[in-house]
Structure formats: C-alpha cells, structure tokens
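Subject: Handing over the structure

Dear colleague,

Here is the structure I promised to pass on to you. My notes on what was found in it follow below, and I would be glad if you read them with the coordinates open.

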Amino acid sequence: MRLLNEKNTDCDVICGSIIENIRKKCSSNKTNHPFSKEWLWEEFKMKFQTLTGLPFEYTENYVKENLSAVFLYFMNDISFLSCENLYKKDVAPSFNKGLLLVGKVGFGKTKIMTSFESVFKGYKPHNFKIVSVDDVVDDYEAIKSPQEKIDFYNNYTRGTMLFDDLYSEKLASNYGQTNTMKEIIMRRSRKNLKTHFTMNPVEGYEDNPKGNLLALETFYGSRVVDRLFNMCNYINLNGKSKRV
C-alpha cells in the first residue's frame, strides 16, 4: 500500500485499504490460464476479422484506455484493478464477477464481446453465450403454456451469459406486461451465476457510472440495481470504435 501523508483524508485511507484487501484476495485466488496475453490478443484480432470481415484497427491509447481492462480481466491479471476505466468507488472489483461494459452507440461493444465469445468457446472458465435482450423479450412473448414459461426461465438462468444492449428492451406482452430482464437478473443473482452485460449509457450519465446505474431504477427497480452492483465489474468505454 502507498505511504500515507498528511494530505490524505479519511476517505483516502479507507479506499486504499479496500483496494489493498481486494488485491490480496485476488492474488490468493488467482487462476492461471493456459494462454498468454500475446496469444489472447492475436486470437481476438483474428476472431474479430473473421466475424466482421474487417481488421481490428486500433491505437495504443485506444487499447490502453478502453480494451486493456477487458483483456486483463480475462487473464486474471492483477493489473486489472489499476485500470482507469474500471469503476471502483462504489463497485468492488472481482474476477468472480461478470462485466458490465458501458459505451456509446457505435463503439462496437457487441462485436468485441462476440469475438471473445468465439475465442473462449469450449473453454469452461470463460465460456459464455451472448443473447440480445430483444431476443429475450421475443422468446417470452412466444410462450404458450406454463411449461414453456418454466423452460424459458430455466434457459436463461444457467451457465455464464452476456445480455447485450441492456436497458434497450421493451416490456414483454404476454397476457399482461412483464419486465423479463428484471426477473432474469434477480434469478441469476440468487443462483450466483456469472453474468455479463453491455449497454449504452443513460443520457446525461455518460461519465457518471454510479449515476448511470442508479438511473436504471426507474425501469428495473432498486433491488435489481443493487444486484448489478454486486454482480458486475463496471467498465466505461470511451469514444467510438477504431474498427472502421
């Protein structure tokens, strides 16, 4: 831990202690994956080009300020905790949590995570399935029997999943209106299932992670927002993608 001096506030000391404890815990529970940073980077670029038909174009600053946090997370690298775009003030970071990637329209969040989905296919520690929240709503609206409803929730409350474009979905209509993602998030939280999300920032909270999460209360309720704090590492993606 850094040395304290007379300019430190009580808050500085408390925050420093929390981060130091997180570092120690992460170090003691570190998972060593059978691949290197170099392999993961090259594999990601290859999968991205296969998926989009375009090379992944980038600058060093773009990678450092945006994507490095995602790569370090999947590497279980302790440097993840030092990433500037990882929000740490109200959301304690952990490799046991999922990712909540927040970035403006046009950043390429879906293609980036679809590339990682392909990279980790069959690798159990990081394997995940991507589903659009709009598809979740469509599936719910297609339910025709009580058993199909049970099957619906069973399908979305198992394994590691990434729900793409959170907060863009409508309420599902099926003999009444249902907030499907609200229910799924609560069920996955109760089962302690690792869950990833992508979303566009709520207007007015582009640079305010805590405010952005709290703004979701109007649609999902405070209990769900509280679960998101506990389920996810919040990563803020700035600017637009350099992929095109």
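Helix α3 (residues 60-75) spans only 19 Å between its end C-alpha atoms, whereas a straight helix of 16 residues would span 22 Å at 1.5 Å a residue, the expected span being 1.5 Å times one less than the number of residues. In this predicted model, local features need pLDDT of at least 70 and side-chain atom pairs count only at pLDDT 80 or more, while totals for chains, interfaces and linings use all residues. Residues are numbered from 1 along each chain as its sequence is written, and side-chain values use heavy atoms, with hydrogens and water left out. Helices (H or I, at least four residues) and strands (E, at least two) are DSSP runs, numbered from the N terminus.

Where does α3 bend? A kink of about 60° is centred on Leu67, the bend at a residue being the angle between axes fitted to the seven residues ending there and the seven starting there. Twelve of the 16 residues of α3 are buried, so the helix is largely enclosed by the rest of the structure; buried means under 20% relative accessible area, exposed over 50%, and partly exposed in between, with a 1.4 Å probe and protein chains only. The buried residues of α3, including Tyr62, Leu67 and Phe71, pack against α2 (37-52), β1 (98-103), α4 (109-119), β6 (195-199) and β7 (232-237). Just after α3, Asn76 takes a positive phi of about 55°.

Helix α2 also has 16 residues, and its reach of 22 Å from first C-alpha to last is close to the 22 Å expected. Its buried residues, among them Trp41, Phe44 and Phe48, pack against α3 and α4, and just after α2 Gly53 takes a positive phi of about 80°. In the loop between α2 and α3 is Phe56, which is buried, with a relative accessible area of 6%. Leaving aside residues up to four places away in sequence, Phe56 touches Trp41, Phe44, Lys45, Phe48, Tyr62, Leu67 and Ile112, where contact means heavy atoms within 4.5 Å.

Turning to the sheet, five strands form an open sheet in the order β2-β3-β6-β1-β7, with parallel pairing; two strands pair if DSSP finds at least two bridges between them. β2 (129-132) and β7 stand at the edges with a single partner strand each, so one side of each is left without a neighbour in the sheet. The pairing of β1 and β7 is parallel and runs over six bridges, and Leu101 stands opposite Ile235 in β7. Helix α10 (residues 222-231) packs on the sheet, touching β1, β6 and β7, and its direction makes about 85° with that of β7; axes are lines fitted to C-alpha atoms, for helices over the stretch in contact, and angles run from 0 to 180 degrees between N-to-C directions.

For the protein chain as a whole, there are ten helices and seven strands, and buried residues make up 45% of its 244 residues. The mean pLDDT is 88, and 85% of residues reach 70 or more, pLDDT being the predictor's confidence in each residue, from 0 to 100. Over residues 1-8, however, pLDDT stays under 50. Where pLDDT is low, the predicted coordinates should not be read in detail.

With best wishes
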